[in-house]
Amino acid sequence: MERSGLRRFWDSSVGKKIVMGATGLILVAFVIGHMAGNLQFFSGPARFNAYSHLLQVDVIELTWLLRVTLLASVVLHVIAAYQLTMQNRAARPADYVRREPQVSTYAARTMRWGGVYLLLFIPYHLLHFTTGTLHPAFVRGEAYGNVVIGFQTMWVALFYLGAMAFLALHLYHGAWAAFRTLGIARPSNDPLHRRLALAIAVIVPAGFSLLPLSVMLGFIR
Amino acid sequence: MKVVLHVWRQAGPSAAGSLVDYEANDISPEMSFLEMLDVVNERLIVRGEVPIAFDHDCREGICGSCGMMINGAAHGPMKLTTACQLHMRSFKDGDEIWIEPWRAKAFPVIKDLVVDRGAFDRIIQAGGFVSAPTGSAQDGNAIPIAKQAADEAMDAAACIGCGACVAACPNASASLFTAAKITHLGDLPQGQPERMRRALAMVHQMDIETFGSCTLFGECQEACPKGISIDTIARMNWDYLFAAATERQGAEVGGTG
Ligand code: HEM
Ligand code: FES
């Protein structure tokens, strides 16, 4: 039987990597929006809770559409990452005694382990602030209070900050790589140079981190 | 000058190999790296030992035969330089030098530093032919080619197929090689009729040969003695995506070589 075009696309290393880049870009767009929305935390409880109400009640259908898209993206992204990693491992069964990386960045080399950290972080984060299952004193509709109380536990705040460090590394490589994987990056004299990805990798995790930091340092209680 | 070599010695494809130490005394800094190995080999032969096997042909950086990992870098420490064009003046007296064959499942070791790069030939073969008319040479300016396209095609065509990109890649991916071949034909008007078929077939063959996939570490571009850019990989992926999206059964043009 003829295999379908889509199946052949997924089965090729280039096709699979393109799926990874496309889903990665969806996730990049999401984290930018999510971070910007979170900054309303610093406008006080009324504003932040109203934002939460908007997403959880007023436009809940749109929120569900987004959730399904993100879930599908993460699932495809991670399956592709896993399968390509296995292919790459198998491609060099006997390794060098000595190989010196010349230009690869720390970010590129931590994509896999950083990805595993994010994969642990994402379900924890949902059970923490969305469902409240893993939250010590969750009150539905009280997003502001939930965040403040949530980050008063030191290890929780540190776990979030760790995730943001890996997110920064993941974005520094990923937000640059995805455009090249998808073939939409323009030819450059210095293809390894990345300004946009650097900006995203600094601004997004820094913006997210302001919330746990402000609670940990006692600016907000 | 004197250097200490740690050379991968392996008697045959299925023999177990290991690093063997050799002291190379009285080496001139003006010798090329391969001449230094020649000197070491002559002394081995005099002592009745088996000389170190390595690939070489032109020794002027154009054929792509030579290639070895030197101190953990493909073709050694000089940028844009094949192993045969590397000179001992790049090393210091008393240096230790590690020499290993290219490592990839798709490049099995034949002996010592010699690997079988037939996988590259099969990727090129999968690209098939270009249906440009042969016969008497055409007028040079009969086919207008944009300067940008001509430059990019020429840059990609500089690939000598040495395999340094695979060797340097942490994933043992042949993406830079395959992308260079796809780009140098895909950029030119003569390459257009089979462009989509070629991208699909060459990427497919690259996977069949058990190479790894690209994660854009950038090591290949750094190792390439001809300075092929990872821009070609973006180009390959674009052609592949476009070809897969527009692919129709039975609509194939051209054939395999
Ligand atoms: C917040 C969630 C995430 C975002 C925004 C994200 C984004 C991206 C982007 C844009 C890429 C580049 C794709 C390309 O090179 O074409 C990428 C690559 C990758 N991602 Fe993610 N990702 C996320 C989560 C994960 C998770 C949970 C894993 C788990 C394993 C993961 C593993 C990887 C790996 C292994 C790569 C390939 C690295 C490379 O190209 O060198 N990512 N990611
Ligand atoms: S021997 Fe021909 S390129 Fe080195």
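Student: How many residues surround ligand 1, and which are the closest?

Tutor: Bear in mind that this is a predicted model. One begins with a ligand by listing the residues around it. Here 22 residues surround ligand 1, and the closest are A:Met20, A:His77, A:His170, A:Thr181 and B:Thr215.

Student: What is the make-up of the shell around ligand 1 by class?

Tutor: Eleven of its residues are nonpolar, nine are polar and two are charged.

Student: Which atom of ligand 1 is 2.7 Å from the side chain of A:His170?

Tutor: Polar contacts are read as pairs of N or O atoms within 3.5 Å. In the case of A:His170, a nitrogen atom of ligand 1 is 2.7 Å from an N or O atom of the side chain. A:Thr181 also contributes through its side chain, with a polar atom 2.6 Å from an oxygen atom of ligand 1. From chain B, a polar backbone atom of B:Thr215 is 3.0 Å from an oxygen atom of the ligand.

Student: Turning to the surface, which residues form a nonpolar patch?

Tutor: The patch consists of A:Leu39, A:Phe42 and A:Leu210, which together have about 240 Å² of accessible area. A:Leu39 is placed in the loop between α2 and α3 (45–58) of chain A.

Student: Why does A:Leu39 count as partly exposed?

Tutor: The class follows from relative accessible area: under 20% is buried, over 50% is exposed, and values in between are partly exposed. A:Leu39 is partly exposed because its relative accessible area is 34%. By contrast, A:Leu217 counts as exposed because its relative accessibility is 58%. A:Leu217 lies in the segment after α9 (195–216) of chain A.

Student: How far apart are A:Leu217 and A:Ala199 in sequence and in space?

Tutor: They are separated by 18 residues in sequence and by 26 Å in space, C-alpha to C-alpha.

Student: How many helices and strands does chain B have?

Tutor: Chain B has eight helices and seven strands. Its C-alpha trace spans about 60 × 40 × 35 Å along the principal axes. Of the 257 residues of chain B, 54% count as buried.

Key. Residues are numbered from 1 along each chain as its sequence is written. Chains are lettered from A and ligands numbered from 1 in the order in which they are written. This is a predicted model: local features need pLDDT of at least 70, side-chain atom pairs count only at pLDDT 80 or more; totals for chains, interfaces and linings use all residues. Side-chain values use heavy atoms; hydrogens and water are left out. A residue is near a molecule or strand if one of its heavy atoms lies within 4 Å of it. A polar contact is a pair of N or O atoms within 3.5 Å; within protein, one must be able to donate a hydrogen and the other to accept it, and residues adjacent in sequence count only if both atoms are side-chain atoms. Ala, Val, Leu, Ile, Met, Phe, Trp, Tyr, Cys and Pro count as nonpolar, Asp, Glu, Lys and Arg as charged, and the others, Gly among them, as polar. Patches are made of residues with over 30% relative accessible area and no salt bridge: like charges are joined within 9 Å, nonpolar side chains (Val, Leu, Ile, Met, Phe, Trp, Tyr) within 5 Å. Accessible areas come from the Shrake-Rupley method with a 1.4 Å probe; for residues, only the protein chains shown count as cover. A salt bridge is a side-chain nitrogen of Lys or Arg within 4 Å of a carboxyl oxygen of Asp or Glu. Helices (H or I, at least four residues) and strands (E, at least two) are DSSP runs, numbered from the N terminus. Buried means under 20% relative accessible area, exposed over 50%, partly exposed in between (1.4 Å probe, protein chains only).
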